Amino acid sequence: MMGNSLFIRLYYHQINIDMHILIFGATSAIAHSIAKEYAIDNLHTYTLIGRSESRLNACKQELQAYGAIDIQIMLLDLSSIEDIQKVFNQCLQQRGNIDMAIVAQGSLTNQDKAKSDMRYLADEFSLNAMSHIIISQLIVNQFNMQGYGILIGIGSVAGERGRKGNYAYGAAKSAVSTFLSGLRHANKNEKIHIMTVKPGFVSTPMTSELPQSFLFVSPEFVAKEIKRGVEQGIEHMYVPTFWRFIMMIIRSIPEALFKKLNI
(Lines give C-alpha, C1' and ligand atoms only; values in the text may rest on other atoms or scores of the structure.)
Protein backbone atom coordinates (compact mmCIF):
# COMPACT_ATOMS: atom_id res chain seq x y z
CA MET A 1 0.00 0.00 0.00
CA MET A 2 1.83 3.09 -1.26
CA GLY A 3 0.24 5.57 1.12
CA ASN A 4 1.18 3.48 4.14
CA SER A 5 4.74 3.06 2.88
CA LEU A 6 5.07 6.80 2.34
CA PHE A 7 3.80 7.48 5.87
CA ILE A 8 6.32 5.06 7.38
CA ARG A 9 9.19 6.63 5.45
CA LEU A 10 8.24 10.16 6.48
CA TYR A 11 7.56 9.07 10.07
CA TYR A 12 11.01 7.61 10.54
CA HIS A 13 13.01 10.15 8.61
CA GLN A 14 11.86 13.09 10.68
CA ILE A 15 14.63 14.74 12.65
CA ASN A 16 14.76 14.09 16.42
CA ILE A 17 11.62 11.94 16.49
CA ASP A 18 11.12 10.46 19.95
CA MET A 19 9.13 7.22 19.97
CA HIS A 20 7.54 5.34 22.83
CA ILE A 21 8.39 1.71 22.04
CA LEU A 22 6.31 -0.90 23.87
CA ILE A 23 7.61 -4.47 23.85
CA PHE A 24 5.73 -7.54 25.04
CA GLY A 25 8.04 -10.51 25.50
CA ALA A 26 10.90 -8.04 25.82
CA THR A 27 13.39 -10.67 27.02
CA SER A 28 13.10 -12.74 23.83
CA ALA A 29 16.27 -12.62 21.74
CA ILE A 30 14.55 -11.14 18.68
CA ALA A 31 12.63 -8.48 20.61
CA HIS A 32 15.73 -7.47 22.55
CA SER A 33 17.75 -7.20 19.35
CA ILE A 34 15.09 -4.95 17.82
CA ALA A 35 15.20 -2.76 20.93
CA LYS A 36 18.99 -2.45 20.60
CA GLU A 37 18.61 -1.41 16.96
CA TYR A 38 16.59 1.61 18.06
CA ALA A 39 18.48 2.28 21.31
CA ILE A 40 21.50 3.61 19.43
CA ASP A 41 19.37 6.60 18.32
CA ASN A 42 19.42 7.86 21.95
CA LEU A 43 15.92 9.24 21.45
CA HIS A 44 13.29 6.72 22.36
CA THR A 45 11.48 5.72 25.54
CA TYR A 46 10.88 2.04 26.26
CA THR A 47 8.35 0.00 28.15
CA LEU A 48 9.59 -3.58 28.51
CA ILE A 49 6.98 -6.15 29.52
CA GLY A 50 7.62 -9.77 30.42
CA ARG A 51 7.40 -12.48 33.06
CA SER A 52 10.86 -12.37 34.65
CA GLU A 53 11.97 -9.29 36.58
CA SER A 54 15.62 -10.35 36.62
CA ARG A 55 15.72 -10.90 32.86
CA LEU A 56 13.87 -7.64 32.21
CA ASN A 57 16.40 -5.78 34.35
CA ALA A 58 19.24 -7.40 32.40
CA CYS A 59 17.65 -6.21 29.15
CA LYS A 60 17.21 -2.75 30.61
CA GLN A 61 20.86 -2.53 31.61
CA GLU A 62 22.05 -3.58 28.16
CA LEU A 63 19.77 -1.05 26.44
CA GLN A 64 21.16 1.64 28.72
CA ALA A 65 24.66 0.63 27.64
CA TYR A 66 23.53 1.11 24.03
CA GLY A 67 22.32 4.62 24.81
CA ALA A 68 18.68 4.30 25.85
CA ILE A 69 17.78 6.49 28.82
CA ASP A 70 14.07 6.26 29.67
CA ILE A 71 13.23 2.59 30.25
CA GLN A 72 10.44 1.17 32.39
CA ILE A 73 9.84 -2.51 33.07
CA MET A 74 6.48 -4.11 33.89
CA LEU A 75 5.72 -7.67 34.96
CA LEU A 76 2.84 -9.54 33.34
CA ASP A 77 1.08 -12.87 33.77
CA LEU A 78 0.49 -13.70 30.11
CA SER A 79 -1.97 -16.46 31.02
CA SER A 80 -4.40 -13.96 32.55
CA ILE A 81 -6.62 -11.83 30.30
CA GLU A 82 -7.40 -9.59 33.26
CA ASP A 83 -3.71 -9.05 33.99
CA ILE A 84 -2.97 -8.31 30.33
CA GLN A 85 -5.66 -5.64 30.26
CA LYS A 86 -4.61 -4.21 33.63
CA VAL A 87 -0.93 -3.91 32.71
CA PHE A 88 -1.74 -2.48 29.28
CA ASN A 89 -3.97 0.20 30.84
CA GLN A 90 -1.29 1.00 33.43
CA CYS A 91 1.21 1.42 30.63
CA LEU A 92 -1.02 3.93 28.85
CA GLN A 93 -1.67 5.86 32.06
CA GLN A 94 2.01 6.05 32.99
CA ARG A 95 3.66 6.34 29.57
CA GLY A 96 1.06 7.83 27.24
CA ASN A 97 0.52 7.00 23.57
CA ILE A 98 2.38 4.18 21.86
CA ASP A 99 4.34 4.86 18.67
CA MET A 100 5.63 1.33 18.10
CA ALA A 101 4.55 -1.95 19.70
CA ILE A 102 6.37 -5.27 19.36
CA VAL A 103 4.59 -8.47 20.37
CA ALA A 104 7.15 -11.23 20.67
CA GLN A 105 6.36 -13.53 23.62
CA GLY A 106 6.35 -17.27 23.07
CA SER A 107 8.01 -20.60 23.64
CA LEU A 108 8.92 -23.51 21.40
CA THR A 109 6.35 -26.16 22.32
CA ASN A 110 7.59 -29.68 23.05
CA GLN A 111 5.41 -31.61 20.62
CA ASP A 112 5.85 -34.98 22.33
CA LYS A 113 4.79 -33.54 25.69
CA ALA A 114 1.86 -31.75 24.08
CA LYS A 115 0.50 -35.06 22.78
CA SER A 116 -0.12 -36.42 26.26
CA ASP A 117 -0.28 -33.43 28.62
CA MET A 118 -3.42 -31.48 27.77
CA ARG A 119 -2.77 -28.78 30.37
CA TYR A 120 0.66 -28.17 28.85
CA LEU A 121 -0.87 -28.06 25.37
CA ALA A 122 -3.49 -25.51 26.46
CA ASP A 123 -0.90 -23.37 28.28
CA GLU A 124 1.43 -23.35 25.29
CA PHE A 125 -1.36 -22.40 22.90
CA SER A 126 -2.45 -19.67 25.29
CA LEU A 127 1.07 -18.23 25.43
CA ASN A 128 1.89 -18.55 21.74
CA ALA A 129 -1.51 -17.59 20.32
CA MET A 130 -4.14 -16.23 22.70
CA SER A 131 -1.93 -13.77 24.59
CA HIS A 132 -0.52 -12.52 21.27
CA ILE A 133 -4.00 -12.09 19.79
CA ILE A 134 -5.46 -10.29 22.82
CA ILE A 135 -2.48 -7.94 23.12
CA SER A 136 -2.54 -7.16 19.39
CA GLN A 137 -6.21 -6.25 19.54
CA LEU A 138 -5.67 -3.99 22.55
CA ILE A 139 -2.79 -2.26 20.78
CA VAL A 140 -4.72 -1.68 17.55
CA ASN A 141 -7.70 -0.38 19.54
CA GLN A 142 -5.34 2.16 21.10
CA PHE A 143 -3.84 3.03 17.71
CA ASN A 144 -7.34 3.75 16.41
CA MET A 145 -7.97 6.08 19.35
CA GLN A 146 -4.70 7.99 18.92
CA GLY A 147 -4.80 7.88 15.10
CA TYR A 148 -1.43 6.27 14.34
CA GLY A 149 1.01 3.56 15.37
CA ILE A 150 3.12 0.63 14.24
CA LEU A 151 2.52 -2.94 15.40
CA ILE A 152 5.16 -5.60 14.78
CA GLY A 153 3.88 -9.12 15.42
CA ILE A 154 6.50 -11.87 15.55
CA GLY A 155 5.14 -15.03 13.99
CA SER A 156 6.98 -17.96 12.43
CA VAL A 157 7.26 -19.91 9.19
CA ALA A 158 6.09 -22.85 11.34
CA GLY A 159 2.58 -21.42 11.00
CA GLU A 160 2.52 -21.90 7.24
CA ARG A 161 1.61 -25.61 7.35
CA GLY A 162 1.10 -28.20 10.06
CA ARG A 163 4.10 -30.50 10.37
CA LYS A 164 4.37 -33.57 12.59
CA GLY A 165 7.36 -32.24 14.52
CA ASN A 166 5.77 -28.99 15.72
CA TYR A 167 2.09 -28.78 14.82
CA ALA A 168 1.05 -27.48 18.25
CA TYR A 169 3.48 -24.57 17.97
CA GLY A 170 2.68 -24.16 14.26
CA ALA A 171 -1.07 -24.00 14.88
CA ALA A 172 -0.56 -21.20 17.39
CA LYS A 173 1.62 -19.22 14.99
CA SER A 174 -0.90 -19.80 12.20
CA ALA A 175 -3.61 -18.31 14.42
CA VAL A 176 -1.43 -15.26 15.09
CA SER A 177 -0.75 -14.74 11.39
CA THR A 178 -4.43 -15.04 10.48
CA PHE A 179 -5.44 -12.63 13.22
CA LEU A 180 -2.89 -10.01 12.16
CA SER A 181 -4.05 -10.40 8.57
CA GLY A 182 -7.60 -9.73 9.74
CA LEU A 183 -6.48 -6.65 11.66
CA ARG A 184 -4.84 -5.31 8.50
CA HIS A 185 -7.95 -6.00 6.44
CA ALA A 186 -10.14 -4.21 8.99
CA ASN A 187 -7.78 -1.24 9.27
CA LYS A 188 -8.89 1.86 7.36
CA ASN A 189 -6.23 4.25 8.67
CA GLU A 190 -3.06 4.48 6.57
CA LYS A 191 -1.20 5.89 9.58
CA ILE A 192 -1.63 2.55 11.35
CA HIS A 193 0.87 -0.04 10.14
CA ILE A 194 0.43 -3.71 11.09
CA MET A 195 3.39 -5.91 10.23
CA THR A 196 3.62 -9.70 10.43
CA VAL A 197 7.16 -11.05 10.66
CA LYS A 198 7.81 -14.73 9.95
CA PRO A 199 11.36 -15.73 10.85
CA GLY A 200 12.75 -19.10 9.93
CA PHE A 201 15.36 -20.74 12.13
CA VAL A 202 16.96 -18.23 14.52
CA SER A 203 19.84 -19.00 16.87
CA THR A 204 18.26 -18.15 20.23
CA PRO A 205 18.03 -19.86 23.63
CA MET A 206 14.62 -21.15 22.51
CA THR A 207 16.19 -23.12 19.63
CA SER A 208 19.44 -24.07 21.36
CA GLU A 209 18.49 -27.75 21.52
CA LEU A 210 17.78 -27.97 17.79
CA PRO A 211 20.53 -29.12 15.38
CA GLN A 212 22.06 -25.93 13.94
CA SER A 213 22.45 -25.63 10.16
CA PHE A 214 23.16 -23.07 7.44
CA LEU A 215 19.48 -22.08 7.59
CA PHE A 216 19.94 -20.50 11.03
CA VAL A 217 20.47 -16.74 11.34
CA SER A 218 21.23 -14.53 14.31
CA PRO A 219 18.58 -12.49 16.14
CA GLU A 220 20.62 -9.40 15.26
CA PHE A 221 20.17 -10.17 11.56
CA VAL A 222 16.43 -10.58 12.08
CA ALA A 223 16.25 -7.26 13.94
CA LYS A 224 18.03 -5.37 11.16
CA GLU A 225 15.67 -6.88 8.59
CA ILE A 226 12.63 -5.94 10.67
CA LYS A 227 13.84 -2.35 11.01
CA ARG A 228 14.34 -2.20 7.24
CA GLY A 229 10.86 -3.65 6.72
CA VAL A 230 9.30 -1.05 9.02
CA GLU A 231 11.02 1.79 7.20
CA GLN A 232 9.83 0.43 3.84
CA GLY A 233 6.25 -0.10 5.00
CA ILE A 234 6.32 -3.88 4.48
CA GLU A 235 3.26 -5.64 5.92
CA HIS A 236 4.17 -9.33 5.61
CA MET A 237 7.83 -10.25 5.91
CA TYR A 238 9.78 -13.52 5.81
CA VAL A 239 13.22 -13.43 7.44
CA PRO A 240 15.45 -14.30 5.68
CA THR A 241 13.59 -13.60 2.42
CA PHE A 242 14.31 -17.05 0.95
CA TRP A 243 11.78 -18.56 3.37
CA ARG A 244 9.01 -17.03 1.25
CA PHE A 245 9.97 -19.36 -1.60
CA ILE A 246 10.63 -22.38 0.62
CA MET A 247 7.20 -22.06 2.22
CA MET A 248 5.54 -21.46 -1.15
CA ILE A 249 6.83 -24.87 -2.23
CA ILE A 250 5.84 -26.57 1.05
CA ARG A 251 2.29 -25.14 0.88
CA SER A 252 1.89 -26.37 -2.70
CA ILE A 253 2.60 -30.04 -1.91
CA PRO A 254 -0.61 -32.12 -2.09
CA GLU A 255 -1.74 -33.46 1.28
CA ALA A 256 -1.51 -37.10 0.19
CA LEU A 257 2.14 -36.63 -0.74
CA PHE A 258 2.92 -34.33 2.20
CA LYS A 259 1.88 -37.03 4.70
CA LYS A 260 4.61 -39.31 3.31
CA LEU A 261 7.39 -36.76 3.63
CA ASN A 262 9.70 -36.61 6.64
CA ILE A 263 9.87 -32.83 6.95
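A residue counts as buried under 20% relative accessible area, as exposed over 50% and as partly exposed in between, using a 1.4 Å probe and protein chains only.

A residue counts as buried under 20% relative accessible area, as exposed over 50% and as partly exposed in between, using a 1.4 Å probe and protein chains only. The model is predicted: local features need pLDDT of at least 70, side-chain atom pairs count only at pLDDT 80 or more, and totals for chains, interfaces and linings use all residues. Residues are numbered from 1 along each chain as its sequence is written, and side-chain values use heavy atoms, leaving out hydrogens and water.

Three aromatic pairs turn up in the structure. Rings of Phe, Tyr and Trp (its six-membered ring) pair if their centres lie within 6.5 Å; planes under 30 degrees apart are stacked, over 60 edge-to-face, and the rest tilted. Take Phe-201 and Trp-243: with ring centres 5.5 Å apart and planes at 80 degrees, they make an edge-to-face pair. This pair links distant parts of the chain, 42 residues apart: Phe-201 is in the loop between β6 (192–199) and α8 (219–231), and Trp-243 is in helix α9 (residues 242–252). Helices (H or I, at least four residues) and strands (E, at least two) are DSSP runs, numbered from the N terminus.

Phe-201 is partly exposed at 33% relative accessible area, while Trp-243 is buried at 6%. Trp-243 also pairs with Phe-242, this time tilted, at 5.9 Å between centres and 35 degrees between planes. Phe-242 is partly exposed, at 35%. Ring pairs join Phe-201, Phe-216, Phe-242 and Trp-243 into a cluster.

Charges sit over rings too (NZ of Lys or CZ of Arg within 6 Å of the ring centre and within 35 degrees of the ring normal). Arg-161 lies over the face of Phe-258, 3.9 Å from the ring centre, and the charged end of Lys-227 sits over Tyr-38, 4.9 Å from its ring centre.
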